[in-house]
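Please look over the sequence and the model shown here. The report below goes through strands, contacts, charged pairs and aromatic rings.

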Amino acid sequence: AGTGLSSSGINAEYGLATGGGSQDRQLCFWNASAGTLQHKVNTGSQVSSILWSQHSKELVTGHGYLQNQLTVWKYPSMTRIAELTGHQDRVLQLAMSPEGSTVVSLGADESIRLWKVFESCTERKSKKGGESVARSMSKLSMNCRR
């Protein structure tokens with residue numbers, strides 16, 4: 001628990017994002033050059049991990065107490081696109097697949113989950129003229145307990 005820094009993620013174009021602990025629950029965006037806070041969002045839960053999309057203005061955050069979920073955000077509006085649930089305990093870490101579409105989450109519940117969250121560069125190129133394609137977020141889970 002605590003109120004200190006819980007997680008951070010940096011994107012060369014959008015700057016530095018930091019997440020707070022179980023009491024703070026803030027997702028903050030910073031101008032890293034100037035060291036100034038640009039804006040913040042109350043996420044409602046501990047922010048344990050942050051990943052920026054490689055191909056779009058979106059990010060995903062991993063959370064602990066209260067809901068142990070992943071949240072997909074549109075940047076810079078910080079509109080919640082999706083809440084991904086499945087972990088029984090807090091999300092400890094997130095990692096991105098090389099093509100940038102799949103997020104792997106590791107939970108304190110000793111499970112690993114794979115989520116197809118973002119479109120890959122190939123999928124984006126296959127869209128025709130701004131045509132909207134519904135995003136399907138799929139998951140595969142593995143339990144690491146013996």
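## Contacts and pairings in a predicted model

Ser45 touches Arg25, His63, Gly64, Tyr65, Leu66 and Gln69, residues up to four places away in sequence not being counted. Contact here means heavy atoms within 4.5 Å. Ser45 sits in the loop between β4 (36–42) and β5 (47–52). Ser45 is buried, at a relative accessible area of 2%. Buried means under 20% relative accessible area, exposed over 50%, and partly exposed in between, with a 1.4 Å probe and protein chains only. Helices (H or I, at least four residues) and strands (E, at least two) are DSSP runs numbered from the N terminus.

The model is predicted: local features need pLDDT of at least 70 and side-chain atom pairs count only at pLDDT 80 or more, while totals for chains, interfaces and linings use all residues. Residues are numbered from 1 along each chain as its sequence is written, and side-chain values use heavy atoms, with hydrogens and water left out.

**The open sheet.** Four strands form an open sheet in the order β5-β6-β7-β8, with antiparallel pairing. β5 and β8 (79–84) stand at the edges with a single partner strand each, so one side of each has no neighbour in the sheet. Neighbouring strands of this sheet are turned by 20° against each other on average, direction ignored. That angle is taken between axes, which are lines fitted to C-alpha atoms (for helices over the stretch in contact); angles run from 0 to 180 degrees between N-to-C directions. Strands β6 (residues 58–63) and β7 (residues 70–74) pair in the antiparallel sense over five bridges. Two strands pair if DSSP finds at least two bridges between them.

**The hairpin.** β10 (residues 102–107) and β11 also pair in the antiparallel sense, over five bridges. They form a hairpin with three residues between them, and Glu110 in the turn has a positive phi of about 65°. Val103 stands opposite Trp115 in β11. Side chains alternate along β11 (residues 111–116). Ser111, Arg113 and Trp115 point to one face and are buried.

How many salt bridges does the structure hold? There are two salt bridges. A salt bridge is a side-chain nitrogen of Lys or Arg within 4 Å of a carboxyl oxygen of Asp or Glu. A polar contact is a pair of N or O atoms within 3.5 Å; within protein, one must be able to donate a hydrogen and the other to accept it, and residues adjacent in sequence count only if both atoms are side-chain atoms.

| Side-chain pair | Type | Distance |
|---|---|---|
| Glu58 and Lys74 | salt bridge | 4.0 Å, N to O |
| Arg80 and Glu83 | salt bridge | 2.8 Å, N to O |
| Glu83 and Gln69 | polar contact | 3.3 Å |
| Glu83 and Thr71 | polar contact | 3.1 Å |

Lys74 in β7 is also the bridge partner of Glu58. Glu58 is buried at 6% relative accessible area, while Lys74 is partly exposed at 34%.

Glu83 lies in strand β8. Glu83 is partly exposed, at 33% relative accessibility. Arg80 is partly exposed at 38%. Beyond residues up to four places away in sequence, Glu83 touches Gln67, Gln69, Leu70 and Thr71.

**Met78.** Met78 is in the loop between β7 and β8. Is Met78 buried or exposed? Met78 counts as buried, at 9% relative accessibility. Leaving aside neighbours within four places in sequence, Met78 is in contact with Leu27, Phe29, His39, Val41, Leu59 and Trp73. Met78 and Lys40 are 38 residues apart in sequence and 9.2 Å apart C-alpha to C-alpha.

**Aromatic rings.** The whole structure has five aromatic pairs. Rings of Phe, Tyr and Trp (its six-membered ring) pair if their centres lie within 6.5 Å; planes under 30 degrees apart count as stacked, over 60 as edge-to-face and the rest as tilted. Phe29 and Trp52 have ring centres 6.1 Å apart and planes at 70°, so this pair is edge-to-face. Phe29 lies in strand β3 (residues 26–31) and Trp52 in strand β5, so the pair ties together parts 23 residues apart in sequence. Phe29 and Trp52 are buried. Phe29 and Tyr75 have ring centres 5.2 Å apart and planes at 45°, so this pair is tilted. Tyr75 is in the loop between β7 and β8, 46 residues from Phe29. Ring pairs link Tyr14, Phe29, Trp52 and Tyr75 into a cluster.
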